[in-house]
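Hello,

Here is the structure I promised to pass on. Please have a look, and then read on for what I found.

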Amino acid sequence: MEATGAAVRRGPFRAGERVQLTDPKGKLHTVVLKVGGQFHTHRGYFRHDDVIGAPEGSVVMTTSGVEYLALRPLLSDYTLSMPRGAAVVYPKDAGQIVAMADIFPGARVIEAGVGSGALTLSLLRAVGDSGSVHSIERREDFAQIARGNVEQFFGGPHPAWSLTVGDLAPTLPLVVGPGEVDRVVLDMLAPWENIDEVHTALTPGGVLVCYVATTTQLSRLAEDLRSHGGFGEPEAFETMIRGWHLEGLAVRPNHRMVGHTGFLLTARRMADGVEAPERKRRPSKGYTPATTDDWSPEDVGERPVSDKKIRRVRRDVGRGPDAED
């Protein structure tokens, strides 16, 4: 039996799917193919019908003779170009989450919050049809945008995915029982507020992964995990990617790079009744535990998303207010 989404990644281009066009200067354009549609630039245009039915890797020419390479977007391309309401988890971070959390085929994963669905795509790819990803998102509009993006990428609903709208703490006990989850991935403002619920849901040895934006969040989360006692010593890291320019013997780093996007923290759940060994190293001079209780999006540099943009993005993914689930 073919895996979900595999069929839409193969064969000739079809109407309704996204195609990535690369011009002679390397600039990327992502368009959704429509029968009778046209792609216009200041250097001419071509008809979508010239691409529909062509094999992937074809070259299409505009009316002024400019050539564009047509390929299906890779997962990393899709997540960066798809319609979004909330900021997306970058591919470099999604890849680290899948690797460092050891998201395996058949794994049972809880994700909160789902945002625009970028990380959800990587999680579903990793668990496969035999696993499960249950995403919990507090905002209905973000949930609908994520649903549209996920279904467009996989060519329809994914059998391993469930999506619930609500806050994590009250929702988690309703969707999973104690010890039933292998991995929990949190992308939220104050993940430390849900440590008890996550500990209950995780199986012993299960992995908690948190994605946070600032060092203050990172510090508070690490200290609260240590104070809880039900998790092993947390580890934190960030990933940066620097591309390279390749032109004959002119091989050098690119002038721009994908630098800091967020911090990742991982911790393993201890067995029931077992507390993590006490930390032996001394805290640095001037250390004081984090005590801030009130966190707003503005405190951590999160930019508010206007209602107008959310309505537009929901229309773009076919999940407007009147859309049926």
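A word on terms: buried means under 20% relative accessible area, exposed over 50%, and partly exposed in between (1.4 Å probe, protein chains only). Strands (E, at least two residues) are DSSP runs, numbered from the N terminus. This is a predicted model, so local features need pLDDT of at least 70 and side-chain atom pairs count only at pLDDT 80 or more, while totals for chains, interfaces and linings use all residues. Residues are numbered from 1 along each chain as its sequence is written, and side-chain values use heavy atoms, with hydrogens and water left out.

Let's begin with strand β6, residues 67-71. Strands pair if DSSP finds at least two bridges between them. β6 pairs in the antiparallel sense with β1 (residues 18-22) over 3 bridges, and with β5 (residues 58-61) over 4 bridges. L69 stands opposite T22 and is also the bridge partner of V59. Between β5 and β6, which form a hairpin, there are 5 residues, and G65 in the turn has a positive phi of about 90 degrees.

Now the rings. Rings of Phe, Tyr and Trp (its six-membered ring) pair if their centres lie within 6.5 Å; planes under 30 degrees apart count as stacked, over 60 as edge-to-face and the rest as tilted. The structure holds 5 aromatic pairs. In one of them, F39 and F46 have ring centres 5.2 Å apart and planes at 40 degrees, so this pair is tilted.

Best wishes
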